[in-house]
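The following briefing concerns a single chain and is arranged by topic. Overall dimensions come before individual residues.

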Amino acid sequence: MTRIFIFFLFFFGLAQVSAQQLADSSAVFRINKQEYLERQGANVMLAHDFYPESHQGGVGVIQNGIRVATNGDLRLEPTPGQWQPVPKVGERQVDRQKQEISVHMSYPDASKDRKGFNPIIYPGLEMEYELKVTPQGKSFKITVDLDKPLPEEWVGKVGMNIEFFPGILFGKSYYMDEKFGLFNRQANGPGTYAEEGEYRLQSMAQGKHLVIAPGTPAQTIHIENLNSQAELRLLDGRASHSNGWFIVRSLVPAGKTKNAIEWLITPNTLKDFLYDPVVQISQAGYHPAQEKIAVIETDPNDTKKQDAKLLRINNEGGYTEVVSKKPELWGNFLRYTYYQLDFSAITKPGMYVVQYGDYTTEAFQITQEVYQRDVWQPTLEYFLPVQMCHMRVNDRYKVWHGLCHMDDARMAPVDYNHFDGYIQGSTTLTEYKSGEHVPELNKGGWHDAGDFDLRVESQAATVQGLAHIYENFNINYDNTSIDQSTRVVEILQPDGKPDILQQIEHGVLSVVGGYTAMGRFYRGIIVPTKRQYTLLGDPVNHSDNIIFSNTEADQNIPVGLAGAPDDRWVFTEENPARELSTAAALAAAARVLKSYNPDLAAQCLSIAKAIWDSHSEEAFIPKLELAVELLRSTQNREYAQFLIKNTEGIISNIENTGWIVGPALPLIQEPAFKKRLNTAVKAYYQQVVDLGKKTPYGMPYEPDIWGAGWGIQNFGMKQYYFHTSYPEIFPKDYLLNALNFVLGAHPGVNTSSFASGVGARSLTQAYGMNRGEFSFIPGGIGSGTALIRPDFPELLEWPFLWQQTEYVLGGGTTDYIFLVLAADQLLNEQQ
């Protein structure tokens, strides 16, 4: 008995030691399998992300489930912005024996070509260095070793920066040694002008030891500069750039190479931190006949599996429990463990919530009419009107923007690479010389996102998407007045005309106008200067709305004054694929406009045919798309013969061609062609099934540094055509799963609908032409949840993150409307 008791004590003691060791190991940083530092409640990444222009790169910190810091790296400016140089990033090296992660970096990066931004090369600067992170118990150290000392002229200019997300710091405090202050909601002076002429604020504080948010344990971070030759500076990056973050910086000392930068950073973590469970549902709700699966996202270390409950909201208050059961384990995805609650059997109309532990979702509907009101309409009656160019847009007491860009447009300079990626070659490809005014461009079109430019592909895609919506779903919805003669739009004022047809006409006016004037499509129309490009506010302030005189005497009038050379530039290009795709959009528009505006419809069809005749098959899929649209618009067998002739090309790329050809199949009387198509589609369907099993959301989804919302909408739109064209092969499930994803069933703590103003919770800090206002445009579709590499899904409440909260035209808009209407049509057909 004594031996048994001694053995029990010995065993119990070992168990206690093992538990303590386990607790200790989770309390200190270690390198995990994903090649970043990890301890319970904190992660430190190095060079996983590659997008510093939009605050993803260098050293990043996730603290208690929130990304708090990023872009830890050497920079050449105290508060760098979008076009400042970034280093060339080498391959990440992981030494598990030393517990060290490092990457070789160098300036200049002459290969920099993100979004077409021109590389900025600083003469006299050639710098190579090693950037390292190493665990130090509950802290981690950032170290920079230079290959050689800084050139004398760069001493005092090169420093270590790390950026802190402002959205969670407003109103919080900080201490720098014995000095203290608040993180203010707006950038405040005093400031001064640097040598380069850029206005910069004075440091918020300088010292050796910074404590961020000491009164908020979940966000408290200590930063200590271990190098006695430099101080830490706390800066407000929003003084120079409205989308800036708070920055901690210290300069690289003169003559220093080894340990030129040494910071010790300690992110406070909550005791036994676990990511709180999140329940992800469609914020709009579900049709009774629809599969209904709530996705529950949990910390992989959370072993407490609780009951998931579906509660019906009573019409007199309170809840009635409808379902209560343990959710089914799905498995691991990204950094989380997922469960699913399937409540598809519940069909009774009403308002519901799902509850899991302390988490309760927003209210959502179950009803046959779920997609018939308040879901797709905001995009048509708010977002598209607000984005309209060459119009004044009124909304009751509000004016979204004034009559803008009436001086469009001057021909762009030749041999020119615009800072936003437009390139003009050695000729204008037209009769117009650089700087000359091109007529017919001051009408129609929509501003694309917040850049206010008109990209021909986004104009065309919007036109084509709206045309398909009109003919597939017979939408004659009217809640907007659009007057092309007065150039005035009135939101929430019907005018007796279908809004979709009016919007198609508006887009076509821009595309056809450019073709009529130049004998070709424009590539894009955009402001010439960065000062105009970064405008936050009414685009009527882009220019004086007066066609530039084109006289030498007026060339130097500053932008903002009358008579300035502020007109937008129009770019042209040789791009067969883009020409064919644009022509396909016009061919589709011709079908739906022929009764509404027959003259414009005839122009659309004439241009589409001319483009068809002028191109061979060098861009196969766009040529195929044009063939299908022309076949559907003209019934001419020439286009059917093209499809049959190219059977091999179609079936070899069926995932990209099957949905295009599907709507034309009733016009093709070739059984062998259809049989081969069906065989190829069956094989593709199996790919979709296999990919759909890899995520808890029931469809193919591979997270990327940009939000995948637009791509998923596009996938869902294509699924409609696969289902309706090949109904024996493709079900409608993937279309519906794509819609659920966009409406809230997606990874991460932010379960907002990507469609602003749709559902109980949606993106309410996002941007199109409203960028910088911390606001939203109803019906705008954000890019959505992005990936902080390698495994952290993020959707921040912040209006300046292009990869998460930007609205765009084209498929980003029309695919959403299409997807909602498709779901409504297919689900109600089976009732």
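This is a predicted model: local features need pLDDT of at least 70, side-chain atom pairs count only at pLDDT 80 or more; totals for chains, interfaces and linings use all residues.

Residues are numbered from 1 along each chain as its sequence is written, and side-chain values use heavy atoms, with hydrogens and water left out.

**Overall architecture**
- Along the principal axes, the C-alpha atoms of the chain fill a box of roughly 95 × 80 × 55 Å.
- The chain has 16 helices and 43 strands, which are DSSP runs numbered from the N terminus (helices: H or I, at least four residues; strands: E, at least two).
- Of the 831 residues in the chain, 58% are buried (under 20% relative accessible area; exposed is over 50%, partly exposed in between; 1.4 Å probe, protein chains only).

**Val44**
- Val44 lies in strand β3 (residues 42-46) and is buried, with a relative accessible area of 1%.
- Val44 and Leu787 are 743 residues apart along the chain, and their C-alpha atoms are separated by 15 Å.

**Glu328 and its patch**
- Glu328 belongs to strand β27 (residues 328-333) and counts as exposed because its relative accessibility is 58%.
- Together with Glu291, Asp342 and Asp733, Glu328 forms a negative surface patch.
- Patches are made of residues with over 30% relative accessible area and no salt bridge, with like charges joined within 9 Å and nonpolar side chains (Val, Leu, Ile, Met, Phe, Trp, Tyr) within 5 Å.
- A salt bridge is a side-chain nitrogen of Lys or Arg within 4 Å of a carboxyl oxygen of Asp or Glu.

How values were computed: Accessible areas come from the Shrake-Rupley method with a 1.4 Å probe; for residues, only the protein chains shown count as cover. Lys and Arg count as positive and Asp and Glu as negative; His and the chain ends are not counted. The place of a charge is taken as NZ of Lys, CZ of Arg, CG of Asp or CD of Glu.
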